[in-house]
Amino acid sequence: MFIPFHIAWKEIRGYFSSWIAYVLCAGWLLLSGLTFVSLLGAAAQGAPFSLVPLYQNLIIVFLFLTPLLTMRLLAEERATGTLELLFTSPLTPWQVTMGKWLGALAFCAVLLLLTLHFPFFVFQYGTLDAGPVWGSTIALICLAAAFCAFGVFCSSLCDSQIVAGFLTFGGLLLSWMLAWPAATAPDNRLAAVAAQFSVFAHFARMLGGAIDTQDLIFFASLSFFFLFATTRVLESRQWK
Amino acid sequence: MIEVEGLSKIYGASHAVEEVSFAAGEGEIVGFLGPNGAGKTTTMRILSCFMAPSSGSARIAGFDILENSLEVRRSIGYLPENAPLYDEMSVRDYLNYVAVLRGVPKSQRAIRLEAALDAGQLEHRADTLIRKLSKGYRQRVGIAQAIIHDPPVLILDEPSSGLDPRQRAETRHFIKSQAPQRTVLLSTHILPDVQETCSRVIVINAGRVVAQDAVENLAAKASGLNLVLARPTPDASEKLSRVAGVSAVRREPNGAFSLDLTGENDAREEIARMCVAENWGLLELSRRRANLEEVFLKLTTSD
């Protein structure tokens, strides 16, 4: 098996051998369940039913959850000295970075699997508009990929998990806020440029079910950029 | 197996390691000795490719540490000062994971795992979580991970620090048992460990190699003579220092002299003859055998 998969598998087992996986899954199910129930309540009042607001809410959950998932990935290795094990083994920085990223991303995929019963219920007891469900699922995976890449990068910078977590959270929050000026000042060019860099603007477009290559490339390049930056940080360790 | 040439590591203005050169042949156990902060760990980290040197080069098993870093890492087993362990894994899972990282083929993994468990005497703890192991057992897991891929070179950074005397003896026994198949570079400041296990010692102080030789030669070089005379003349020191084989003479109170020898020939006969000829009244002439501790202190104390 490909080395990054082994590293990713070790990370996933790590999540599930501590409380973090169970707490995150429980929180995730509770929040998504509450949102779903309130959507059903709104539909009972006569509003048109759509699952899109559910996925819109999940992005906020991701904002809080990603730092918790990624903060320990490399910072802990640095703090406990196991980074020495990784880099005295015949591994390249890419293998290590990819392994860590895939581990966090796979956990996000598990969380997404846990929300599959919502569209299933809708399909069973009503009419399901499949487009937005597919669009939102792909959008959430893209979003998780970019968030995790940023989280891995922040985790590679320091040996304190708390600092790595805050860095990740701050960065993601900032990326959300980049879309705000464009909403209040639609004519401002700078605001429009800033909005292009906001993960959430791209995410919102995909939610509706319209998958544009522009958005896919945005998420892919964002993920690649931070993974590449992580490998550079890891390599620079050698020269310090 | 290990060839190091002019290795330096500079941090800003300070030299952690300066122009370090040494070599270790196949199957040799070499002790790397020095006070804390002398540059032992830095040198070992460079050899294990964790850090890059500022200048100089090193080859391990024929591979250059900068040009063939992956090959070098495949050829060494490295135990850092603090064993690099994942607390949440069991011993077996951990060793299996390390085997994967070190590139042990799947078909050999089970065999290597058993061999590593055996070498660390860990069979009965294989399914215990590492978090629950005592310091001694953690160190054994560290040793087991270093040999899991059957490397020709072992680099051990203070493998017996923090262990009790029995565990230290076991570690020494383990290191000695590696000798024919593997080259071992062992850093420590526990001198009896060196005396018992190493065929050769490299002494490093303030980033520089200050001595490298077989343990007994080092001790011989630092040994000397004690001489007590009843009527030494004022020029006695000078005359004694001219005897072949004497490198230094120190005059002490009450007619006592302390002589350092170069180690090449025994100067005792010539000194006795001189004492009689000069009528100094020879009261005592004895050999002073230095132990490794004295050699170590002498080499690493700068005055």
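This is a predicted model: local features need pLDDT of at least 70, side-chain atom pairs count only at pLDDT 80 or more; totals for chains, interfaces and linings use all residues.
Me: How many salt bridges are found over all chains, and which residues are linked in a network with Glu88(B)?

Reply: A search of the whole structure finds 31 salt bridges over all chains. Glu88(B) is linked in a network of salt bridges with residues of chain A, and these are Lys10(A), Glu11(A), Arg72(A), Glu76(A), Glu77(A) and Lys100(A).

Me: Which elements are joined by the salt bridge of Lys100(A) and Glu11(A), and how many residues apart are the two?

Reply: The side chains of Lys100(A) and Glu11(A) meet with an N to O distance of 2.5 Å, which lies within the 4 Å that a salt bridge requires. The pair links distant parts of the chain, since Lys100(A) belongs to helix H6 (residues 93-113) of chain A and Glu11(A) to helix H1 (residues 3-16) of chain A, which places them 89 residues apart.

Me: Are Lys100(A) and Glu11(A) buried or exposed, and what is the relative accessible area of each?

Reply: Buried means a relative accessible area under 20%. Glu11(A) counts as buried because its relative accessibility is 1%, and Lys100(A) is likewise buried, with a relative accessible area of 1%.

Me: Why does the pair of Phe225(A) and Phe226(A) count as edge-to-face?

Reply: The structure holds 20 aromatic pairs over all chains. In this pair the ring centres of Phe225(A) and Phe226(A) are 5.1 Å apart, and planes over 60 degrees apart count as edge-to-face. The pair therefore qualifies because the angle between the planes of Phe225(A) and Phe226(A) is 75°.

Me: What are the distance and the angle between planes for the aromatic pair of Tyr86(B) and Tyr94(B)?

Reply: Tyr86(B) and Tyr94(B) are both buried. Their pair is edge-to-face, with a centre-to-centre distance of 6.2 Å and an angle between the planes of 65°.

Me: Which residues make the nonpolar surface patch with Phe120(A), and what is its area?

Reply: Phe120(A) is found in helix H7 (residues 117-125) of chain A, and its relative accessible area of 46% makes it partly exposed. The patch is made by Phe120(A) together with Phe121(A), Phe123(A) and Tyr125(A), and its area is about 520 Å².

Me: Which side chain makes a polar contact with the side chain of Arg200(B)?

Reply: Arg200(B), in strand E9 (residues 200-205) of chain B, is buried at a relative accessible area of 17%. Beyond residues up to four places away in sequence, it touches several others, including Glu28(B), Gln212(B) and Asp213(B). The polar contact, at 3.5 Å, is with the side chain of Gln212(B).

Me: Which backbone oxygen does the side chain of Thr197(B) reach?

Reply: Thr197(B) is found in helix H7 (residues 191-197) of chain B and, at 8% relative accessibility, counts as buried. Leaving aside neighbours within four places in sequence, its contacts include Ile29(B), Arg172(B) and Leu186(B). The backbone oxygen that the Thr197(B) side chain reaches, at 2.5 Å, is that of Asp193(B).

Terms used:
Residues are numbered from 1 along each chain as its sequence is written. Chains are lettered from A and ligands numbered from 1 in the order in which they are written. Side-chain values use heavy atoms; hydrogens and water are left out. Helices (H or I, at least four residues) and strands (E, at least two) are DSSP runs, numbered from the N terminus. Buried means under 20% relative accessible area, exposed over 50%, partly exposed in between (1.4 Å probe, protein chains only). A polar contact is a pair of N or O atoms within 3.5 Å; within protein, one must be able to donate a hydrogen and the other to accept it, and residues adjacent in sequence count only if both atoms are side-chain atoms. Contact means heavy atoms within 4.5 Å. Patches are made of residues with over 30% relative accessible area and no salt bridge: like charges are joined within 9 Å, nonpolar side chains (Val, Leu, Ile, Met, Phe, Trp, Tyr) within 5 Å. Accessible areas come from the Shrake-Rupley method with a 1.4 Å probe; for residues, only the protein chains shown count as cover. Rings of Phe, Tyr and Trp (its six-membered ring) pair if their centres lie within 6.5 Å; planes under 30 degrees apart count as stacked, over 60 as edge-to-face and the rest as tilted.
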